[in-house]
Amino acid sequence: SYNWVIDTTAPDTTITATPTNPSNSASATFEFTGTDGSGVGGVTFECRIDGGPWALCSSPQTYNGLGDGSHTFEVRAKDSLGNTDSTPASYTWLIDTTPPPTPTSIYVSTEAAGTVGALSYGSEDILKWDGSAWSV
């Protein structure tokens with residue numbers, strides 16, 4: 001006699017760690033795990049970013065040099081018999097590495113006389129902050 005197991009159950013994939021959304025970093029690291037639906041064997045993983053080709057990967061998976069904009073990471077588990085998760089886990093986030101513009105000056109109106117730092121001002125003066133010092 002001969003016994004065998006028929007395994008048509010696909011594994012399941014879960015992303016357990018992601019970059020912040022939005023992110024100001026051109027690098028992103030993901031952690032993930034998977035379970036074999038039938039328990040016959042372990043799983044391997046395939047990853048892709050932004051709809052590119054699937055490639056073997058392992059957790060953690062890091063991508064560097066990503067451009068500003070929206071990105072989508074996907075990962076799917078595959079069991080030892082070739083069953084592949086048909087619903088890959090995915091995560092979409094935004095990268096924005098452009099710093100906000102630095103204001104050239106900020107103006108503040110006053111209602112009462114006072115001082116700021118070493119500067120004294122009157123009750124109806126307009127104060128200017130140039131990024132490093134106050135002036136009237």
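Where is the place of Ser23? Ser23 sits in the loop between β1 (12–17) and β2, helices (H or I, at least four residues) and strands (E, at least two) being DSSP runs numbered from the N terminus. The model is predicted: local features need pLDDT of at least 70, side-chain atom pairs count only at pLDDT 80 or more, and totals for chains, interfaces and linings use all residues. Residues are numbered from 1 along each chain as its sequence is written, and side-chain values use heavy atoms, with hydrogens and water left out.

Ser23 counts as buried because its relative accessible area is 8%; buried means under 20%, exposed over 50% and partly exposed in between (1.4 Å probe, protein chains only). Neighbours within four places in sequence aside, Ser23 is in contact (heavy atoms within 4.5 Å) with Trp93, Leu94, Ile95 and Asp96.

Rings of Phe, Tyr and Trp (its six-membered ring) pair if their centres lie within 6.5 Å; planes under 30 degrees apart count as stacked, over 60 as edge-to-face and the rest as tilted. By this rule there are nine aromatic pairs. Two of them are tabulated here.

| Pair | Centre distance | Plane angle | Class |
|---|---|---|---|
| Phe30–Tyr91 | 6.2 Å | 65° | edge-to-face |
| Trp129–Trp134 | 5.3 Å | 50° | tilted |

Phe30 in strand β2 (residues 28–35) and Tyr91 in strand β7 (residues 89–95) are 61 residues apart, so that their pair links distant parts of the chain. Phe30 is buried, at 0% relative accessibility, whereas Trp129 is partly exposed at 28% and Trp134 is partly exposed at 31%. One aromatic cluster comprises Phe30, Phe32, Phe45, Tyr63, Phe73, Tyr91 and Trp93.
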